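Here is a short briefing on a predicted model. Please look at the sequence and the structure first, then read the points below.

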Amino acid sequence: MAQSVLRQSIRSINPLRGNLRPVLPIIARSFGTSTFKMSEFKQADHKLLVIPGPIEFSDPVLLANATPGTAHTSPAFIPVFGESLKLLRKVLLSTEESGSQPILLAGSGTLGWDAVGVNLVERGDEVVVLNTGYFGDSFAECLEIYGAKVNQVKAEVGNIPTDEAIISALSSKPKIITITHVDTSTGVLSPAAHIASLVKKHSPDTLIVLDAVCSVASEEIKFDEWGLDVVISATQKGLGVPPGLSVVLASKRAVEVSENRKTPQQGYYISWKKWIPIMKNYEAGKPSYFATPPVQLIYALNTSLKSIVSKPISERVEAHKAASKYIKDELSAIGLDFVPKSRDIAANGMTAVRFPKGLQAPDVLPKLAERDIVVAAGLHKAIVTEYFRIGHMGVTAVDRQRGDLEKVIKGIKEVLGKN
């Protein structure tokens with residue numbers, strides 16, 4: 001019992017500061033024991049979470065998230081925040097020399113849409129939204145609230161817009177084009193590099209915004225090389241950190257557009273004018289304040305980012321491709337089909353799989369939950385009862401010794417009577 005309680009207490013110890021040795025004996029004596037190893041920390045047993053986010057989190061990340069109360073202006077915290085901003089550039093293959101600006105705020109991935117609306121959109125601006133599912137609809141709705149004239153280029157469910165449709169939409173030289181890299185409602189992966197090349201050719205002044213909430217750290221993204229202007233994301237998917245951080249990387253060009261707008265920004269908390277000086281100060285190792293950042297989540301993000309960049313990003317992308325291939329090959333072998341029209345446009349961090357004929361979510365998902373496997377029901381309203389979704393990002397994909405993927409496949413086969 002004492003050891004169990006001690007393990008809970010140790011979660012409140014900052015794993016990044018190196019001051020544990022003097023503290024551990026004090027805590028140990030409080031619980032009538034004198035030995036405890038950091039390696040003994042293990043998160044509680046739970047059902048395997050394989051939805052398209054939040055995902056499974058590693059023990060080190062969760063332990064970092066239990067950092068004790070720390071001031072956001074503390075000399076201990078400032079370098080952690082600054083390093084996290086620098087590491088985010090590395091994950092997205094950008095450099096400080098390019099002028100790109102990372103921004104980490106308390107909020108969900110959806111806050112990134114508002115960041116685009118508040119900072120880059122002025123009323124009457126034309127915006128092209130490439131729509132591959134539910135999240136294209138929602139991004140368009142968000143930008144319209146800020147006065148954008150939105151032209152949605154829609155694809156049939158499970159497909160991507162054609163080059164011809166994209167080029168046609170660019171003929172009016174819109175201010176912004178948005179790409180949903182992975183729309184989790186369909187499992188469709190848009191060819192962001194190719195689309196960016198079309199924009200550069202046909203409307204080079206158009207800002208390229210990539211909604212990468214479900215693709216950062218699981219799909220290939222080359223921010224500088226592709227000429228992207230904004231990447232928006234969140235922590236609870238490929239980055240492998242509990243939800244609560246909005247992640248943005250803005251190009252020098254995007255920041256300049258925001259600074260040179262003719263009309264006042266239509267937001268306060270999400271204003272880059274407020275936040276960019278704060279981010280620059282943190283990178284420079286200086287205390288700064290506009291609003292309080294989620295300190296513990298940034299410690300957790302720092303831990304995850306260090307793990308991610310410890311190997312080439314290309315290796316992580318390949319690990320996600322291998323995980324995706326395994327899941328899709330195994331499901332295909334038992335006769336299941338997928339929402340994306342082809343494997344070429346299917347996400348590597350998730351799979352949208354159609355139910356066998358005659359079955360729906362209530363026939364499958366509860367039985368998987370009984371086997372300690374949590375998958376997600378459908379989301380796209382046009383096919384919502386026809387499919388379910390499996391997430392395979394982060395530790396589930398890169399640490400194959402965990403056996404997460406094999407457990408999912410075994411469970412599905414048992415539920416469908418295919419074992």
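Leu105 stands opposite Ser246 in strand β10. Behind that pairing, β2 and β10 (residues 245-250) run antiparallel and share six bridges. Strands count as paired if DSSP finds at least two bridges between them. Helices (H or I, at least four residues) and strands (E, at least two) are DSSP runs, numbered from the N terminus.

This is a predicted model: local features need pLDDT of at least 70, side-chain atom pairs count only at pLDDT 80 or more, and totals for chains, interfaces and linings use all residues. Residues are numbered from 1 along each chain as its sequence is written, and side-chain values use heavy atoms, with hydrogens and water left out.

**Confidence**

- The chain has an average pLDDT of 92, where pLDDT is the predictor's confidence in each residue, from 0 to 100.
- A score of at least 70 is reached by 91% of the residues.
- Strand β8 (residues 207-211) has the highest confidence in the chain, at 99. Helix α2 (residues 20-30) has the lowest, at a mean of 35.
- Over residues 1-36, pLDDT stays under 50. For this stretch the model has 55 contacts beyond four places in sequence; contact means heavy atoms within 4.5 Å.
- Where pLDDT is low, the predicted coordinates should not be read in detail.

**Seven-stranded sheet**

- The sheet that holds β2 and β10 is open, with seven strands in the order β2-β10-β9-β8-β5-β3-β4. Its pairing is mixed.
- β2 and β4 (149-154) are at the edges and have a single partner strand each, so one side of each is left without a neighbour in the sheet.
- From one strand to the next, the twist averages 20 degrees.
- Helix α5 packs on this sheet and touches β2, β5 (176-180), β8, β9 (230-234) and β10. The direction of α5 makes about 150 degrees with that of β9.
- Axes are lines fitted to C-alpha atoms, for helices over the stretch in contact, and angles run from 0 to 180 degrees between N-to-C directions.

**Helix pair α5 and α6**

- Helix α5 (residues 111-120) also packs with helix α6 (residues 134-145), at an angle of about 35 degrees. Their axes are 9 Å apart.
- From α5, the contact is made by Trp113, Asp114, Val116 and Gly117. From α6 come Phe135, Ser138, Phe139, Cys142 and Leu143.
- These residues divide into six nonpolar, two polar and one charged. Here Ala, Val, Leu, Ile, Met, Phe, Trp, Tyr, Cys and Pro count as nonpolar, Asp, Glu, Lys and Arg as charged, and the others, Gly among them, as polar.

**Three-stranded sheet**

- A sheet of three strands is open, in the order β11-β14-β13, with antiparallel pairing.
- Its edge strands, β11 (350-354) and β13 (376-377), each pair on one side only.
- β13 and strand β14 (residues 387-391) run antiparallel and are joined by two bridges. Ala377 has Phe388 of β14 as its bridge partner.
- Helix α13 (residues 313-333) packs on the sheet and touches β11 and β14. The direction of α13 makes about 10 degrees with that of β11.
- Ala377 is also in contact with Ala361, a residue of helix α14 (residues 361-370).

**Aromatic pairs**

- The structure holds 11 aromatic pairs. Rings of Phe, Tyr and Trp (its six-membered ring) pair if their centres lie within 6.5 Å; planes under 30 degrees apart count as stacked, over 60 as edge-to-face and the rest as tilted.
- Phe77 and Tyr282 form an edge-to-face pair, 6.1 Å centre to centre, with 80 degrees between the planes.
- Phe77 lies in the loop between α3 (59-64) and α4 (78-91) and Tyr282 in helix α11 (residues 272-283), so the pair ties together parts that are 205 residues apart in sequence.

**Backbone**

- Gly53 and Pro54 are joined by a cis peptide bond, with omega about 0 degrees.
- Leu93 has a phi near 55 degrees, a positive value in a residue other than glycine.
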